[in-house]
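Thanks for coming. I will show one structure and go through a few of its features.

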Amino acid sequence: MIPPRPRFFGVRRVLDFAAAVLCIWAGLAHTPPGALLRFTIARLTNTHTSARPLFAYYTGGIYESAPAITKPLPPPVHALSAQDALGAGAAIALDNLEAAQRTVPLAMLAREGVNEREALDPHAGPHHLSIAITRLRDRYGSEDLAMLALFCGDESARYAKEQAPANAELPQLVRVLPRGLCDRGPLA
Amino acid sequence: MSPAQASGGGFFDGVAGILDKLRWAFVPLAMAALVAVGVHAAADVLDDQFLALADRADAIFDGFVSRWELTRPLVDLVDLEERTWFARALALSFELFADLVVALPMLGYDEKLDEWRRLKELLQRAGKRPTLLRVTRAPIALALCLAGVFGTRRLVSGQLFVSLRHLFGAGGASGIGRIAGILVFAVIATSIAWRVFIRALEYADARSEPRTPRTILAGLVPTLFLLPLAWAAIFRAAHWSALWR
């Protein structure tokens, strides 16, 4: 005789399967062992894989995907304050971006009253950027969020602020950003 | 019941029946994957700690060698690139080791009809005949698995936000992501996560008999490696407050 099925048998089986699919997806797509497995399968089947290098799975990949600085700023004529140093760093990163990738940072700067010419000026740019970063810091609550907002936009900064613990630093903020939301986090 | 409802119910039962026959494969896989996600979340936290340690060690080294003209060039010996490489390599080693000793055994999960009775028996045996493995392995696996549930919730919530923000706006997509995240948390916790605890307890139980001095202390070295990960999983990777954010 076939034993009677337990209550909600069908619903429980479907939910178990859905949960399993989510776990397996997360494990395969977002962990280094998953990347290793996908890489091995791709090699065996001679197919393409979107698996990233293993170290890129740490800290949102900010240390692995940071772009090389090819155009440094001229050396400052006087010692920089902490705020101006932040502006100088942002200016270098902005200067090294391709024109298409500057859209979001320039839009954020325009919102804070700094136009494109001022932002990209090799001498006065760092000072203008540090003023904009101060305004962004006041708006978002921390320097780390201000830098994230500058390079990734308002939406990413708000999302990171919502998801990360209070007083989170930049690596933690970048870590909570889902893939596809902003690929300029390493610049911040 | 209408014929349509009847046929719908039949189809649903059919699907449920097929999934029931496949459980032996996907449930252990999901358990291993869930632990792997949690281990990664914990290793990602440890990575920051390792980097901070490397920074401090480098600062001490720089302070020491910069005292003399002769050794001053050694200040540039280790830069940020090397320190981040070291931190990531160490974190990756911890992660792969933890996957090997905690996630991989999950594939041996064999579902029983009365899991609660099995859990009760295992817990009773662990209480009466404690060994290091019986006492530590299941709580460590549970901590890592909890971080895995939080990690999966965050990934689902984030992906929904990215996919839906153009359709519903940032506020709408964030709200949908948040609700979906809570549902995902609840479904994974009640379907998969608790089985991880049972399997870890069962794995430890099987390696704790016969009870000799050797089996009592078996797993000491892996436990020492797993404890920092469990700490990171519980106190840094699992954000309860993020459930409502």
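Where is B:P210 found? B:P210 sits in the loop between α4 (132–206) and α5 (213–216) of chain B. The peptide bond from B:E209 to B:P210 is cis, with omega near -5°. Helices here are DSSP runs (H or I, at least four residues), numbered from the N terminus.

Some ground rules. This is a predicted model, where local features need pLDDT of at least 70 and side-chain atom pairs count only at pLDDT 80 or more, while totals for chains, interfaces and linings use all residues. Residues are numbered from 1 along each chain as its sequence is written, chains are lettered from A and ligands numbered from 1 in the order in which they are written, and side-chain values use heavy atoms, with hydrogens and water left out.

Now the interface. Chain A and chain B bury about 4100 Å² between them, 67% of it on carbon and sulfur atoms. Buried area is the accessible area (1.4 Å probe) that two parts lose on being put together, summed over both. The contact, meaning heavy atoms within 4.5 Å, takes 41 residues from chain A and 52 residues from chain B.

Between chain A and chain B the count is 7 salt bridges. A salt bridge is a side-chain nitrogen of Lys or Arg within 4 Å of a carboxyl oxygen of Asp or Glu. B:R23 and A:D16 meet in a salt bridge through their side chains (2.7 Å, N to O).

Which helices of chain A supply at least two residues each of the side that touches chain B? They are α1 (9–30), α2 (32–45), α8 (154–163) and α9 (170–176). Of the side of chain A that touches chain B, α1(A) gives the most, with 17 residues.

Over all chains, the structure holds 27 salt bridges. The side chains of A:D154 and A:R111 form a salt bridge at 3.9 Å, N to O. That pair links distant parts of the chain, with A:D154 in helix α8 and A:R111 in helix α4 (residues 103–111) of chain A, 43 residues apart.

Last, a backbone detail in chain A. Phi of A:N46 is near 55°, a positive value in a residue other than glycine. A:N46 lies in the loop between α2 and α3 (82–96) of chain A.
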